[in-house]
Amino acid sequence: MSTNQFSTFRVNDRFYGVNVKLVQEITQAMPLTRVPLAPEYVSGLINLRGQIATAIGLRELFQLASDEEKLKGINVICRTEGPLLALVVDEIGDVLEVEDTAFEPTPDTVAPEVAQFMSGVYKLPNEILSIIDIQKLIQFLN
Amino acid sequence: MSKTVQESAMQEFFAECDEIIQRLTQVLTSMEENNLSQDAMDALYRDVHTLKGSAQLFGFVGIGTISHALESCLEPVRQGRMKLDPILVDLVLSCLDLISFILQNPHTDLEKDSELQMKMGILIPKLVDRATAKFEAGKTLLHESLPSDEGKPVAEIHLIEELPEPRAEKEALPQQSSIHPGLAESVALVEEPKLAPVTSPSARKNTMEKPQEDHSSSESNSIRVQVSLLDKLMNLVGEMVLTRNQVLQYARLNEDNEFFKLTQRLDLVTSELQDNVMRTRMQPIGSIFSKFQRVVRDLCRDLNKNIELVVAGADTELDKSLIEAIKDPLTHIVRNSCDHGIEIPSVRKSLGKNEQGKLSLKAYHEGGQMIIEIHDDGGGLDPARIRDKAIQKRVISAEKAATLTDAQAQELIFMPGFSTAEQVSSVSGRGVGMDVVKTNISKIGGVVELESVPKQYTKIRLRIPLTLAIVPAMIVSSAGESFAIPQVKLQELLRVDLDEGGKIEKLQGQSVYRLRDQLLPLVDCNEVMGNSSPADRRVFNIVVLNSATHSYGLVVDEIRDTADIVVKPLPTFLKKAEMFSGATIMGDGSVALIVDTEGMYDHALGARRDAHANKNDTKESANTNNDSSVTTTEYLLVRIKTETFAVPLVLVHRLEEFDRQSFDHSSGELLVKYRGGLLPLIEVQELLNIPNEDGSTKGNVCPVVVISKNNRAYGLAVDEIIDITQTENDIVAHIRPKDGLLGTVIAPSGVILTVIDTYAIINKAIGVEIEGNKKVMKKVKVLLAEDTMFFVKRIVKVLTDAGLEVTHAPDGQAAFQTLQDMGPNYFGLIVSDIEMPKMNGYQFAMKVKSEEQFKNIPMIALTTKFREVDQEKGFQSGFDRYLEKLQSDELIDTINGIMGVKR
């Protein structure tokens, strides 16, 4: 039985995961350089040991309500073919290994703002994990 | 995992193929006069063989087939049984082109790409024929079986057998071309009849023996490294440089002597490391120079010119990314020199020049920059001709052109719009002009310099920075954030203190500064970036920047320091704004954006335009889906005595100022010399009988509004030209009925303006009833679709004066409704605006023409959108004629024409 590993995190208590192979590292909040006139979800640029990563605020991207208490600005740094992306999230979860049988496509009822970035969901015993497709994210950004 | 291995192997393959093709091309193009040595020939053959082998290994069947054919045809040459003549060289080069094409489009399905199939189908048999023909002529037999026999007509072989070479070649080939219609250009050039005669077989032997430099010099001391790896190294070194700077700074504060010594050492090693890593990315510029041998050679043939290309400094090194970036601009300049610069041999002879033109390319280092000189001994740039052309192309006004020095006039070739359609030859006119060259060079931080003496030479000098990775920059701050501006773009720094007599002026709402008597437009960095600027700024820090076409001043909060910065790319989705060319990491570890000076300027202009457009948008109803249905009208505000009048801006041709002293009176008419002719002037004040209440005398300088009517220009003399205003309100007629006035309109400010009927004034002044004397021969009912009341009134008047009955609809949708309501036989003509709400003119025309019952009704577009593309679109949508608004005579003539022909 084949399984997949996902690095999980939360934004506004919502539970998300990305393929662990794409995640380079997780960092605490870092100083951001704002990019004038960029869309709201571009939080800014981060100096990651000499490489520049573009921080994408998932809350803004998914158009979720802002929750002041949760604004921790933890970065999930993802490798892409182009730039480094830093997904700005609230809380980091474990790396989970899930079985393929638990997979299901994204239900239609999920808001399109979020659904357009999802490749599907995994049913876990206590919760449901939404998988973010970095490719779709990049496509959207470009 | 295995996938990446395969991919990297594939990359290797591509790189190798490119290398081979480049080497082959170089050898072949440089050999022409002096034949190849046996060694060089062997190396050439080996390369082709390698190409074939690896192509087949990687499954590139197409390349395999082509290189196999190449190999077969080069085989006898290598064995000395055949000569490598120009025709064969051309053929081989065409094959290499084809291989390059396949390499560049590796995913092309060979089976499905019929064009490629066809090209191959033509080239390969030719190669085979070539080899066969030679053999026949040389009385040798071909033992090797040849791979392809497709499309080789029997009759042709017959021909070749009968005719002695080289004529066999020339006669057989055209016949072949008729068998394969639609030859691609790479193939076509083989058929060019003006080729050097092929030497007879007996002459072959001795030509083979000339010793030649060995081109396949062994390069076993080098390894191939991915560029991405070098980039990474470069990044890391840049990082290290920054860290070193921080350490050095810290060491200076520290008392520890030992630590200080260590840091000194670190400093040295880092600098050396930086130098060396930079060098890994360097490539000799010869890699592109060598391509020009081929370019010039091909051009010479196409243009019937004789040009010698002299290359110097081919081993001068430049960053690889820069080499890529200058390739196209350089190619363009070389093509230009060959096409427009160097004259054809007969002309050169008559000028007493050597028949063979000389084009030299020279590269060298100077002051930390790479200089590339392109020098041709051709006709040079004639300032007078350039001036004429620039005026004709409306790149510059005649008055301005006259003030330019010859050198400045020559620089006009870099203006956008200078080189356009007229000079479209297959050689240099490719829709790109020298302006693109200049922009592209300036994009990489370079400069283009021009020097030319008419009839003697043209020299273009490109100054290119050696590397893009590390650039000196000025750090400025705006709204609390740091930005880096590359030094090359920087002209000077200004500090204007309002309290110390400095002056920033407003021009039509935009800030300008007088810098040595030249107006310097100012762009506020804060504003462009969407921040608010302090309103009470008393001290202006201005960075004067030169972008490709203009200089401007960027107002920043603070000018900080200069620094060497390491340029890091931005993700593409952030580049869209184009205000920033990259980012860099500052000494303190923070990230700063690098300003793209051109982008920033464009953006500043764009932002203004957007603001303008937004104003218009607010008026548009939500259900309109057409592109830009502007319902506002712009008016020019002029003052005559104490009163402000409005002139519809669409009617204004130009604004001028004349000295009253220069007015001429000729039989009661007021005239002034204008653009080589006479401009009739109309004193609006007198014509409208405006009393001279304040008793003021007219100033010496007289502002004139130039109106074009029936292709003639008329000047309306006013007392002052005030401003331009925009309003969505329509003209209300007859509140103050008076000859020469259209009515009144309410300006956004609430002021009521009187609108001048310019045409009526002109008619009145010249005393000729132009309008109304033309009648339409055939009485028809006209449907007019037009949204702007101003034009509705004008057009309805013109049409009714001409004897037509007009029904008006405010937009395309309403017009179509009216058309349907009245049925197909009611209207005999449709006149429509293009830009309308709800349904624009194009959509309207398409809808009308798509209905069987209406499609025969002639349609005339009346618009101010008069560019060629708009016209083209208009005709495509179904309009029969496309006219400019308010050319009433032309409209009536056109209607007469249409009605006469169509019904």
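Predicted model: local features only at pLDDT ≥ 70, side-chain atom pairs only at ≥ 80, totals over all residues.
## Rings and the chain contact

User: How many aromatic pairs are there over all chains?
Analyst: The count is 11 aromatic pairs over all chains, where rings of Phe, Tyr and Trp (its six-membered ring) pair if their centres lie within 6.5 Å, and planes under 30 degrees apart are stacked, over 60 edge-to-face, the rest tilted. One of them joins F103(A) and Y122(A), edge-to-face, at 5.2 Å centre to centre with 65 degrees between the planes. That pair links distant parts of the chain, 19 residues apart: F103(A) is in strand β9 (residues 103-104) and Y122(A) in strand β10 (residues 118-123) of chain A. Strands (E, at least two residues) and helices (H or I, at least four) are DSSP runs, numbered from the N terminus.

User: Is Y122(A) buried or exposed?
Analyst: Y122(A) is buried, with a relative accessible area of 6%. F103(A) counts as partly exposed because its relative accessibility is 34%; buried means under 20%, exposed over 50%, partly exposed in between (1.4 Å probe, protein chains only).

User: And which rings cluster?
Analyst: In chain A, ring pairs link F9(A), Y16(A), Y41(A), F62(A), F117(A) and F140(A) into a cluster.

User: Switching topic: how many residues does each chain put into the contact?
Analyst: Chain B gives 23 residues and chain A gives 20, with contact meaning heavy atoms within 4.5 Å. Together they bury about 1800 Å², 67% of it on carbon and sulfur atoms; that is the accessible area (1.4 Å probe) lost on being put together, summed over both.

User: Which three residues of chain B supply more of that area than any other three?
Analyst: F573(B), L574(B) and V591(B), which supply 34% of what chain B buries against chain A.

User: How many salt bridges are there between the chains?
Analyst: Between chain B and chain A the count is 1, a salt bridge being a side-chain nitrogen of Lys or Arg within 4 Å of a carboxyl oxygen of Asp or Glu. R34(A) pairs with E481(B), and their closest N and O atoms are 3.2 Å apart.

User: Where does the largest share of chain B's side come from?
Analyst: From β17(B), with 4 residues of the side that touches chain A.

Technical notes: Residues numbered from 1 in each chain as written. Chains lettered and ligands numbered in written order. Heavy atoms only, no water. Buried area = accessible area lost by both parts, 1.4 Å probe.
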